Amino acid sequence: MTWKTYPGQHGLVRTLIAPVLAAALLAASSPAAAHDQHTSGIQAAPNAAEKADFDIVHAKVTVAGNVATFHMAVSGKAGDSRPAATGQLAGAEVFAYVWPTGLDASAVGFDQGAGILSLAVTAHPDFDDTPLFDENGDGDTANDGDLWHSHWVVLGPDEACGPGALKVLDIPEGATPSLPKTWPGLPILIDSPGWQPLLSGESVDVKVPFAPGQDLTGIAYDGVTSGLRVNANVHAPLLCVTDVFDVASGDLSLPGRIGQ
């Protein structure tokens, strides 16, 4: 089986995300020669204006057998910064390493055409959204949101988050959209599949299994570091993209191609 993209989807991604990125892209890294430890994929020059652990120098997605490896490298130590705890869900911050893709959302269990399917590695000390997993191994599955963990999220625009801003798409009350089996029960299009990210030195890597025979080769992707925030009223929109720290391509054109 071959994954398919849909007509105009890459243009849709750029159209939806470009407004919220416009200011950030003025300082974003530009494509450059290969970083000495990372080849192929999307290369970017280090940018001293960016916080080093969110300053992207490389993004790549490779495939071996039925496993895709999502890779990002930064100019500092990956995962060095996490949001400060506030002790409440309302207004809680989220830091994220994100790979927006050209995969249709139905590829991982959401409805076809639902929005921009993105893999994200996140940390947020004020809430836990991986109820099936005990990341810190203390026997409590509800207290480890501050540890870096992975999600699929579906992004889309919402002016309630700010002019031209994006959010993780909400599930309206009474709606019954298609959801992955590891959906964590939140009223947003998010999946908590439990794939453990590896943050080592300057790199973030996540291995994502797909069904044998599914061909991801050539699917578009990019790399983004960002901040999100839970709405102060903990209601739709629930989780807004509030900051874009850096973009691997510099213009969110999704120039990367999986496996190429």
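Strands S9 and S10 pair in the antiparallel sense over three bridges; strands pair if DSSP finds at least two bridges between them, and strands are DSSP runs (E, at least two residues) numbered from the N terminus. The model is predicted: local features need pLDDT of at least 70, side-chain atom pairs count only at pLDDT 80 or more, and totals for chains, interfaces and linings use all residues. Residues are numbered from 1 along each chain as its sequence is written, and side-chain values use heavy atoms, with hydrogens and water left out.

**Sheet**

- The hairpin of S9 and S10 has two residues between the strands, and glycine 201 there takes a positive phi near 60 degrees.
- Serine 200 has serine 203 in S10 as its bridge partner.
- S10 also pairs with S3, in the antiparallel sense over seven bridges.
- Alanine 68 stands opposite valine 208 in S10.
- These strands belong to an open sheet of five strands, ordered S1-S2-S3-S10-S9 with antiparallel pairing.
- Strand S1 (42-43) and strand S9 (198-200) each have a single partner strand at the edges, so one side of each is left without a neighbour in the sheet.

**Nonpolar cores**

- A nonpolar core is a set of buried Ala, Val, Leu, Ile, Met, Phe, Trp, Tyr and Cys residues joined through side-chain atoms within 4.5 Å, where buried means under 20% relative accessible area (1.4 Å probe, protein chains only).
- The largest core has 39 residues, of which Phe70, Tyr97, Trp99, Phe110, Leu119, Trp152 and Val208 touch the most other members.
- Elements giving two or more residues to this core include strand S3 (67-74) and strand S10 (203-209).
- A second, separate core of 24 residues includes Ala92, Ala220, Leu228 and Leu238.

**Pocket**

- The largest pocket has a volume of about 160 Å³, the space filled by probe spheres set on grid points joined across faces, edges and corners.
- A pocket is an open set of points on a 1 Å grid over the protein atoms alone, where a 1.4 Å probe fits, with protein on both sides within 12 Å along at least five of seven lines; lining residues have an atom within 4 Å of a point.
- Among the residues lining the largest pocket are Asp170, Glu173, His235 and Leu238.

Definitions and conventions. Buried means under 20% relative accessible area, exposed over 50%, partly exposed in between (1.4 Å probe, protein chains only). Helices (H or I, at least four residues) and strands (E, at least two) are DSSP runs, numbered from the N terminus.
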